[in-house]
Amino acid sequence: MNSTSPHDERMAKLTFAEVYPHYVTKIEKKGRTVDELHQVISWLTGFTEKALEKHIKDKTTFQQFFQKAKLNPNAHLIKGMICGYRIEEIKNPLTQQIRYLDKLVDELAKGRKMEKILRTE
């Protein structure tokens, strides 16, 4: 994906607190729980429940959020399409990480089994 610089900048400046409620709404509509959402986010980022709450309270941008994250070593196994983009072709690392999270939330909402979402080699 050759995303435009303004697109990458816009995504970097979005706050986790702005997007988080949309994640919650999306997964709860499909019968999934906030605990499952937090498990998925924690798997990708290494953040604890307390750290997630702090990021929401502090209105951390996605750029700050992923700078502090310890990305799961199996994150590269997240592939496929999200929002019209093939994840593995996204050039900007931050945009790719944000799309990893979007993809995991999407899979959770679609009812995919947790052991499939939390990828292992």
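Okay, let's start with one histidine: H55 has 6% relative accessibility, so it counts as buried, where buried is under 20% relative accessible area, exposed is over 50% and partly exposed is in between, using a 1.4 Å probe and protein chains only.

Before I go on, this is a predicted model, so local features need pLDDT of at least 70 and side-chain atom pairs count only at pLDDT 80 or more, while totals for chains, interfaces and linings use all residues. Residues are numbered from 1 along each chain as its sequence is written, and side-chain values use heavy atoms, with hydrogens and water left out.

Back to H55, which sits in helix α4, residues 49-57. Helices here are DSSP runs of H or I with at least four residues, numbered from the N terminus. Leaving out residues up to four places away in sequence, H55 touches F16, F47, T60, F65 and K68; contact means heavy atoms within 4.5 Å.

F16 and F65 come up again in the largest nonpolar core. That core has 34 residues, and F16, L37, L44, F62, F65, F66 and L101 touch the most other members. By nonpolar core I mean buried Ala, Val, Leu, Ile, Met, Phe, Trp, Tyr and Cys residues joined through side-chain atoms within 4.5 Å. Which element gives the most to this core? That's α6, with eight residues.

Take L101. Setting aside neighbours within four places in sequence, L101 contacts F16, Y23, I41, L44, F62, F65 and F66.

Now, how do other helices sit against α6? Helix α2 (residues 16-29) packs on helix α6 (residues 93-109) at an angle of about 20°, axes 9 Å apart. Axes are lines fitted to C-alpha atoms over the stretch in contact, and angles run from 0 to 180 degrees between N-to-C directions. So α2 is roughly parallel to α6, a label for angles under 35 degrees; over 145 is roughly antiparallel, 65 to 115 roughly perpendicular, and the rest oblique. On the α2 side the contact uses F16, Y23, K26 and I27, and on the α6 side L101, D102, V105, D106, L108 and A109.

Then there's helix α1 (residues 5-13), which packs on α6 at about 55°, with the axes 9 Å apart. That makes α1 oblique to α6. The residues touching here are H7, D8, M11 and A12 from α1, and L94, T95, I98 and R99 from α6.

Note on methods:
Helices (H or I, at least four residues) and strands (E, at least two) are DSSP runs, numbered from the N terminus.
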